Structures are given as structure tokens and as C-alpha cells.
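Please open the model in your viewer and keep the selection tool at hand. Each stop below says what to select next and what is there.

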Amino acid sequence: MNRSSKHTIAIVTTVSAALGGTIAHAQDKYALKSPGGIAFSDFKGYEDWAVISSARTDEVLKVIVGNPTIIKAFKEGVPGNGKPFPDGSKMAKLQWKPKKSTEAPFVVDVPDTFAQNFVMEKDSKRFPNSGGWGYATFNYDPKTDKFTPDPTAQADCGNACHTVVKAKDYVFHPYQKR
């Protein structure tokens, strides 16, 4: 083997090791579990779920999405028809820090940095003390491009807030007309 071949092999080996290291460090967000035991994998595919509603606070823009089970229930009139959401209903509240659009010819806030994914899932057997709903928060760090379970969020942490909408089966956001 000549010196040029050895040099090429060394470069290929170094690049392969570097790329392999990068791939090995990529986060599998679906491997995460909240302190309350809710797995991020329970919400796999949330990126493509239908929009339920949107909201805005001074700090964040929110888009609330739901899995097919909860969307079907909304379309059937739940919770306005007095029925509860069925077990298997899931929703995710995706939250971004807002910024003013620099492109629109009018004043409008648009999403900037993704901040958090707050999730809810209905499972009456797993969460009997919180109206059948389990809650979890997965915070996003744009610097590391990683999600982490919120260490202070227990499976029933959202219930204290959501009791004010108990008559709506603990769900704040209605399915918006289209």
C-alpha cells in the first residue's frame, strides 16, 4: 500500500467515525418518558395530527393538535353532547416563542423558536384520579436540539388547571369551525 492510499483510508476512517458519532448522538425523542410515566412515544406522529385549535399568550403561540380518536369525538359533538372523550383520545399543545414577521406587509406574530410540547391522553384506568386524563410536558432546547421531560410535571399535573373545565371533560379548547 502506498502512502496516498494509507492517507485516503485514514481520511475515510476519520470522516466515518465523525459521522457515526453524530448519528449516535441524535436524539430519539420517542424514547423519553415523563416523571409521571407518560411516554413521548404515545404521541408518535403528532406532527401530522389535525388542528383542534390555536391560542396565544404574551409568551407563546400555541397550536393544539389531536389524534384521529379525539378528532372523531369532537366531530360527533363531544363534549357539548354531554359525552366524555373516549379512552385513546390524545392531544398535543405545540408552543413556540413568537416573533414579528419581517416579511408580511402587515403586523403579525409568527412562530420563532419551538419551546414545548404539552400532551394529554385519556386513559381512565391509568389516570382515575384526574378525570381519566394524563398530562406531561416535554421541553425543547433549541441550542441542543433536544427534548427533555419536565421534571416537575407529574401525570396529573395539568388536572389542577383543567378542573375549571370539568364539564367539558377537562378540555379547554373546542374544535374550531373550518
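Predicted model: local features only at pLDDT ≥ 70, side-chain atom pairs only at ≥ 80, totals over all residues.

Select Ser53 and look across to Ile64 in S2, the residue that stands opposite Ser53. The two strands around them, S1 and S2 (residues 61–66), pair in the antiparallel sense over six bridges, where pairing requires that DSSP finds at least two bridges between two strands, and a strand is a DSSP run of E with at least two residues, numbered from the N terminus.

Residues are numbered from 1 along each chain as its sequence is written, and side-chain values use heavy atoms, with hydrogens and water left out.

Now widen the selection to the open sheet of six strands, which has the order S1-S2-S3-S4-S5-S6 with antiparallel pairing. Strand S1 (50–56) and strand S6 (146–149) stand at the edges with a single partner strand each, so one side of each is left without a neighbour in the sheet.

Next, select Arg126 and Asp42, whose side chains meet in a salt bridge (3.7 Å, N to O), a term for a side-chain nitrogen of Lys or Arg within 4 Å of a carboxyl oxygen of Asp or Glu. Glu121 is buried, with a relative accessible area of 5%, where buried means under 20%, exposed over 50% and partly exposed in between (1.4 Å probe, protein chains only). Salt bridges that share partners join Asp42, Glu121 and Arg126 into one network.

Notes
Helix = DSSP H or I, 4+ residues; strand = E, 2+ residues; numbered from the N terminus.
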